[in-house]
Amino acid sequence: MTQPTSKCDCSKSAAGRYERQLPLFGIEGQQKLAEASVFIAGTGGLGSPVATYLAAAGVGKIVLLDCDSVDVTNLNRQFLHRESDVGRKKAESGSEKLKEMNSEILVESVCGLLNEENVKEIIGDCQIIVDALDNDKTRRILAAFAKQTKRPYFHAAVSGFQGQFAAFYPEIGPCYFCAFPEDEDDFEENENTSETRNSEKKKPVFPIVGATAGIIGSMEANEIIKYITGAGKIQVGKLFIWDGLSCIFDVIDIESDENCSVCGKNNKNDGC
């Protein structure tokens, strides 16, 4: 991390906005947050808590990507948006709320679809990539790009009362594809994606309780803050699975796969 990306002078803000977290990682850690840049794909149920807590913590630059518009059915969990935002682009609505929350940081919005052709341009020089998606195809594009460009990748997914979270780092441990190997069925159209929701197909019901997304999204934000500041121990090769009905977390070890198509010995991706 080089020059600060935000307008924050930590020496001036420390005694006010950030004084409750400074005992955890000090001015040095706060400056690292101010110099960090994070790309968040999705401003829905997961993206709302991730973006909110990173903005509140003082992450210097946040880029929000979302191709969808706010719908009234989003409001049970996507708290970056209000009733008055229904019909607006989520990326714009979300970035507006973050700017109101913390004027010391830079927030950018991208309204559109991410694909293999534009992923490099859209993510730009953001140092950290966050998956807050419900779209497996886009998730795999992000994960592959993160591995190829040696950037940390934070993954999460939710459904109903269940959720999962894992962090993948460029120089240590398994990659996303070690945990979730490619399968020919993975690239079929997912009826829960924005692309399908905006088509003429009948919209399916996507069950989710808002608190589940809040719990998993908060875990993502917590691990990102730890990674940036160097506080605590990063979780390498772990998949955390939340069962909200039983209030239980299970942890599954993820092993590096030497035959992984992305990071294994037979991968065809230069730079991975």
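Reader: Which residues does T52 touch, leaving aside its neighbours within four places in sequence?
Author: In this predicted model, T52 is in contact with G47, F79, L80, L98 and M101. Contact here means heavy atoms within 4.5 Å. T52 itself is found in helix α3, residues 47-57.

Reader: Why is T52 called buried?
Author: Its relative accessible area is 13%. Buried means under 20%. T52 therefore counts as buried.

Reader: How much of the protein chain is buried?
Author: Buried residues make up 50% of the 272 residues. The accessible surface comes to about 13,200 Å². Carbon and sulfur atoms hold 49% of that surface.

Reader: Which residues of α2 are buried?
Author: L22, F25, G29, Q30, L33, A34 and E35. An α-helix has 3.6 residues a turn, so residues three or four places apart point the same way.

Reader: What makes β2 and β3 a pair?
Author: Pairing needs at least two bridges between the strands. Strand β2 (residues 61-65) and strand β3 (residues 106-110) have five, so they pair, in the parallel sense. L65 stands opposite V110 in β3.

Reader: What makes β5 and β6 a hairpin?
Author: Strand β5 (residues 153-159) and β6 pair in the antiparallel sense over seven bridges. Two residues lie between them. In the turn, G160 has a positive phi of about 60 degrees. Across the pair, A156 stands opposite F165 in β6.

Reader: Why is β6 called mostly covered?
Author: Count its residues. Strand β6 covers residues 162-168, and five of its seven residues are buried. Each of those five is therefore under 20% relative accessible area.

Reader: How do you know that β6 also pairs with β7?
Author: Four bridges join β6 to strand β7, residues 238-243. The cut-off is at least two, so β6 and β7 pair. They run antiparallel. The bridge partner of Q162 in β7 is D243.

Methods
Residues are numbered from 1 along each chain as its sequence is written. This is a predicted model: local features need pLDDT of at least 70, side-chain atom pairs count only at pLDDT 80 or more; totals for chains, interfaces and linings use all residues. Side-chain values use heavy atoms; hydrogens and water are left out. Buried means under 20% relative accessible area, exposed over 50%, partly exposed in between (1.4 Å probe, protein chains only). Accessible areas come from the Shrake-Rupley method with a 1.4 Å probe; for residues, only the protein chains shown count as cover.
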